[in-house]
Amino acid sequence: MREVFLVIAVLLPLIGGAGISVIPWKKRGAMMVYTEGVVLLTSALAFLLILNRPAGAFTLFRFTGQLSISFRLDAVGSVFTALVAFLWPLATLYSFEYMTHEKHEKVFFMFYVMTYGVTLGISMAEDLVTLYFFYEMLTLVTVPLVMHTLTKEAIRAGRTYLWYSLGGAAFAFIGMIFILVYGNTADFTPGGVLDAAALGDKRGLMLLIYVICFCGFSVKAAMFPFSAWLPKAGVAPTPVTALLHAVAVVKAGAFANIRVTYFIFGTALLRGTWAQKVLTALTIFTIVYGCSRALKETHLKRRLAWSTVSNLSYILFGVTMMSPLGLMGALCHMVCHAVMKICSFFCAGAVIYRTERTYVHQLDGLGRKMPAVFLLFTVSGMALMGVPGLTGFVSKWYLAKAAVAEGGLLSYLGIAALMISALLTAVYMLGISVRAFFPGQDFRYDSLGEVSDPGWKMLLPLWIFAAVMVLIGLRPELLTDLIGDVVYSAF
Amino acid sequence: MLVLSMTVALLAGILLLTASFAEHLGQGKLSEAEKRSEAEAPDGRDGKLHIFVGGVMLLAAVTALAAAFGEGRETVLFFLMDRIPISFRLDDVGRIFLVLTVVIWTAVCFYSFKYMRHEGEEKRFYGFFFLAYAALIALDGAANLITFYFFFEFMTLCSMPLVIGRGGREAVMAALKYLFYSLAGAYLALFGIFILYQSCDSVAFRAGGVLNQALAQQNQGILLVAVFAMLVGFGAKAGMFPLHAWLPTAHPIAPAPASAALSAIIVKCGVLAVIRTVYFIVGPNFLRGTWVQKVWLILALITVFLGSMLAFLEKGFKKRLAYSTVSQVSYILFGLALFTPQAFAGAILQLLAHALVKCALFMTAGIFILRTGKTQAEDYIGIGKKMGLTLWGYTIASLSLIGIPPTAGFIGKWYLCQGALDAGLGVLSYLGPAVLLVSAVLTAGYLLPVSIRGFLPGREEGDWGPKEREKADLMTVTLWFVTILSLLIGLFPGHILAFVNGISDAIL
């Protein structure tokens, strides 16, 4: 009965998180220890589960017939699980220092920890219904985090986020209904679940439903034209923008799309159809669109958010290739982008925390005062550009390889988009670094005042991310061998 | 040995950069005035830094030369995606570039001691100087295309800060322009690499190319596009039209040693990249007679003419030299595009000659600017009276760039023209030599007036300029060192020609 631990992993942070607001804390230190303890315990449990993967599923409860909340950890789910389990404790550690300059810590940590449980629920969902359930829950537990500062801007951003997400989920819901009718089962099955006999001549309709469903889940993955909420949500505290809006929430959207494409509708039905082409074209457009908007944006966190928009579509581009190589690229980029982007967001957060500076042009010369932060920002920027030797190049390699193997105009356009995006990334990331380190000889450092690098709780996660970027960049087989096996199991 | 040389330079670079950072963090507390007085005081620390830098440079140079004259064994460092090794093996083309890099880098290093003392930010400069050196050595020795690309981007990133020096905002913007043009080129090339990768048997450099013939026939159309993307992309580094614009912005604003290094070596990495792509990955036979070859030739010729013309019209001395680089490097690219043994030999000779000569010219510019503080070419009237030593070096180097016998430039251009006429490309075969000739006239037109008016000022002689006659110092010595080397190549080209013919026999 190892399966029961799946539920425990999901429930532990949910209940433990709720506990933060219930327990009357006397000391801040105790709350920190408790919070980190819950998160670490969950992560340990998650890694143990990945290493000894229980074969069966665990049904928590059954509404009726096919409708049930049940968990199962398969290979693709393990990738996402491992990713969040690795990042959450580090992000929590970072938040302890960062949140000293925000208010309402208790509420923040409550929702922050609960989101962990919900995200694990998505990654360990056995079927589409469970996935959908946790997907909706994810929206609900993260809205308070977006609105955390309770400024007018934050509340407006939270509302936008809510409308977008709920609207997206409604689209996804349509897809789910059709699957329940035309599928053999709603459980995720490699190759898809559609029942050829029941489908009959409705293949064309199914393609349309697929596109609707994909677009619905893509709202969280911020694909054009559903991307506007993400930069707006940048008003949230940095740990939220970094972990949720660069990793957990947005990648949940991408992950759901992997599930829908490879495990529900099945690539056999979709490959080579207009549905695939339309979605590929949309992702290609988003790749360039996101980068261009990032270039135009002068607010640092919003710029990074636009960059996330672009990078998420790298993942979706891989997903819509509908080939083993494409899935490989998508999963690689899911992992790589998470590490790179969380690192750059945390650097941005460190700057805000220390100097209250949020616009790009205010960062000139800061590299001399905060060398560690800007060094790591540069490293993450170079990784995002895809400088060989860092993570970004690895995933880009597989995405491009998948596209070339596919052939056809759209694929070559996709590679071109990747390259244009890489160049624009260089402009909007390295431009900042260069001017931070070399503001020019006439720059007056006195104007910066007394600033320095933040404390170890903020720096340690950053150094770990940088180390991971270099390690995977120089020894990509550590990552790609694992993901190769995962991809093999999905076909 | 190669790896050893790289490691030495890499470690020294990182050490110097860390030291530079530590200095800055410490200096934050000093006031501006104190900082300035500290920078100007000629104290003993300066000497120690120079001994350290010189020592590291010599060590790195000696080990690299030992590698160049040793046998080329393959060293694998680690593996990237798809088990592609990051590995080094020196072949003959690599040897030429390696020796050239080591010679120029050492010369520039010793030249820069005096120059950079005035410029300031020495530790940072030498830090990036060594990092760039490590990347260049790695480029020369790279055994496959992925290794090459790996270090190509690394080299771009490390050489960018060299441009900034002590400059203000303008210099930073120039550096960014250099960076973004180079990256645009690199990504264009990467686009090509991705497409090419599927149709290659391996990515290791092999004379004659590694294309899988069956696949190549099948995908000829897209492969040609890929190769063209790589040519234009790598051509950005070599200052080829249409991605040449970074060069006249970045070179003049950089400190003189950096301009010399950029113009002599970094720009040549683009050339090396083109050689590797065309002769060692794709194979010249795949491109012969295709639209790619023709468009490439036309682009190179446009650049040759455009560069010379703009240099002729330009008044700023260093900017003029930068335009001249644009023009002269495309001579090399033109030669490489012809796919004949003579043209190849001409290209390599032109490469050697231009590297040495342009290094000398930028060194001259640095000395002039340092001594007189003037930057316009017209300002140097009568400068030969007090600074004859430098101006003679400049004049001899100029003659070589124009292509007057018996200098190295002449032999290179001779072979280039011969190769063009032999290539049998119709109009282009005749157009090429014609453009080269016009460009040579323009080259004389923009280089020689400085010498003529420097030595023969006529009545315009003013009472400006350095009061004392210049003495031979480290700067003039290094200037003469590279000038004499370029003369020697012109006088005794036999060995080099034989060596180059050995290469072209294998690849053509």
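Predicted model: local features only at pLDDT ≥ 70, side-chain atom pairs only at ≥ 80, totals over all residues.
Residues are numbered from 1 along each chain as its sequence is written, with chains lettered from A and ligands numbered from 1 in the order in which they are written.

Let's start with chain B. Its C-alpha atoms fill a box of roughly 70 × 55 × 40 Å along the principal axes. Of its 508 residues, 60% are buried, meaning that 20 or more other C-beta atoms, placed from the backbone, lie within 10 Å of the residue's own.

Now, where does chain B meet chain A? 32 residues of chain B are in contact with 32 residues of chain A; contact means C-beta atoms, placed from the backbone, within 7 Å. On the chain B side, H7(B) gives the most, with 15 residues.

Finally, the helix pair. In chain A, the axes of H3 (residues 75–98) and H19 (residues 456–474) come within 7 Å and cross at roughly 150°; axes are lines fitted to C-alpha atoms over the stretch in contact, with angles from 0 to 180 degrees between N-to-C directions. That makes H3(A) roughly antiparallel to H19(A), a label for angles over 145 degrees. Among the residues making the contact are Leu90(A) and Tyr94(A) of H3(A), and Met458(A) and Ile464(A) of H19(A). Helices here are DSSP runs (H or I, at least four residues), numbered from the N terminus. Thanks, everyone!

How values were computed. Helix = DSSP H or I, 4+ residues; strand = E, 2+ residues; numbered from the N terminus. Parallel < 35°, antiparallel > 145°, perpendicular 65-115°, else oblique. Contact = placed C-beta atoms within 7 Å. Buried ≥ 20, exposed ≤ 12 C-beta atoms within 10 Å, placed from the backbone.
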